[in-house]
Amino acid sequence: MWAPLRGLAVRRCDDEGLINGTWVAGVAGEAGEPPRFVVQRVSPIFAPEVHDDIEAVTAHLAGRGLATPRLLRAEDGALYARDGAGAVWRVMDFIPGRTHHRVGSPALARAAGALAARFHRAVDDLEHAYRHVRAGAHDTALHMERLDGAATGGEGRRLADAILDAWRTWQGRLDMPLRHCHGDLKISNLRFSDAGEGICLLDLDTLALQPIDVELGDAWRSWCNPAGEDATEARFDLEVFAAAAAGYREVRPFGAEEREALAEAVERIALELAARFCRDAFEDRYFGWDAVRFSTRVAHNLHRAAGQLSLARSARRQRGEIARLLAGG
């Protein structure tokens, strides 16, 4: 279905993500090294129309001189293809570089912030109506309403009440304008050079219009939590945040309203994820879980919900410092 793949060796990707099945294709006879293309079996949670969005955004980025993976059209000119079982497949350029799974230093955080800012600056003038839309993905109030409706009794209800109480006393704003965003800036979705400079963003299925505080609040929630999502006691790392915010600000300065919204953004998104984990502790159907460390998905979800609540509380305690650093203090 893709002529350039003929004669290439294909192997499973070492840095395969959690959602799409991923392989790399490269020079035959050399174990597929160096890779030339990424081949993916796309998860059914993404509608095929997502490829129209990826094509529009990556064409715009390339036109602005930014590195970005591009879709390789199949022999019939389509952006994707279906196999005999109906699964959707795609091929994209392989972008050489390094993938990190945690932010191990302020230097990496600074490079990540700068890369995110270059992306946002490049798409400031993009005109595109997204065909694949994840309705309510970051409707925090709706996530809280669903948690309240799902929570029954016991330990889960007590944790749910703590999350809901924290949300009721959250003092941020929810009226920031929509803009083009990546939608999932976890550090493993950013590609870096061996020297530590940001190259490009990967995993583009989550491209969407959303507020900047949602985009960066989620990124900083992830980057600035050294304990990760599987610790019940978390802290928001101000040193990592300061570097990330500085890297971003040097490329794309924050406006006054953006600074106001971003000061409360990490707490909001951490509470939102806590609500989603806690809700799944009652519904027991959505998030994957570690069967080695936990006896049930419920136990793992309660553990993760407590960790995100702890992170939200840490961010709230440091709200003044977060605001100062956003202003360049």
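Which helix supplies the largest share of the lining of the largest cavity? Helix 5 does, with three residues; helices here are DSSP runs of H or I with at least four residues, numbered from the N terminus. The model is a predicted one, so local features need pLDDT of at least 70 and side-chain atom pairs count only at pLDDT 80 or more, while totals for chains, interfaces and linings use all residues. Residues are numbered from 1 along each chain as its sequence is written, and side-chain values use heavy atoms, with hydrogens and water left out.

As for the cavity itself, a search of the whole structure turns up one of 30 Å³ or more. The space in the largest cavity comes to about 30 Å³, and its lining is made up of His138, Gly183, Asp184, Leu185, Gln210, Val214, Glu215 and Asp218. A cavity is a set of points on a 1 Å grid over the protein atoms alone where a 1.4 Å probe fits but cannot get out, and lining residues have an atom within 4 Å of a point. Grid points are joined across faces, edges and corners, and the volume is the space filled by probe spheres set on the points.

Next, the aromatic rings. The structure holds eight aromatic pairs (Phe, Tyr and Trp rings, the six-membered one for Trp, with centres within 6.5 Å; stacked under 30 degrees between planes, edge-to-face over 60, tilted for the rest). Trp220 and Phe241 make an edge-to-face pair, at 4.9 Å centre to centre and 85 degrees between the planes. This pair links distant parts of the chain, with Trp220 in helix 5 (residues 212–223) and Phe241 in helix 6 (residues 238–251), 21 residues apart. Phe241 also pairs with Phe236 in a tilted arrangement, at 5.5 Å and 50 degrees. Ring pairs join Trp220, Phe236, Phe241, Tyr248 and Phe254 into a cluster. Trp220 is buried at 1% relative accessible area, and Phe241 is buried at 0% (buried means under 20%, with a 1.4 Å probe and protein chains only).

Trp220 and Phe241 turn up again in the largest nonpolar core: of its 81 residues, they touch the most other members along with Ile163, Leu190, Trp223 and Leu326. Such a core joins buried Ala, Val, Leu, Ile, Met, Phe, Trp, Tyr and Cys residues through side-chain atoms within 4.5 Å. Another core, of twelve residues, lies apart from it and includes Trp23 and Val91. Leu190 touches residues including Arg98, Leu185 and Trp223, leaving aside those up to four places away in sequence (contact means heavy atoms within 4.5 Å).

Conventions
Helices (H or I, at least four residues) and strands (E, at least two) are DSSP runs, numbered from the N terminus. Buried means under 20% relative accessible area, exposed over 50%, partly exposed in between (1.4 Å probe, protein chains only). On a 1 Å grid over the protein atoms alone, a cavity is a set of points where a 1.4 Å probe fits but cannot get out, and a pocket is an open set with protein on both sides within 12 Å along at least five of seven lines; lining residues have an atom within 4 Å of a point.
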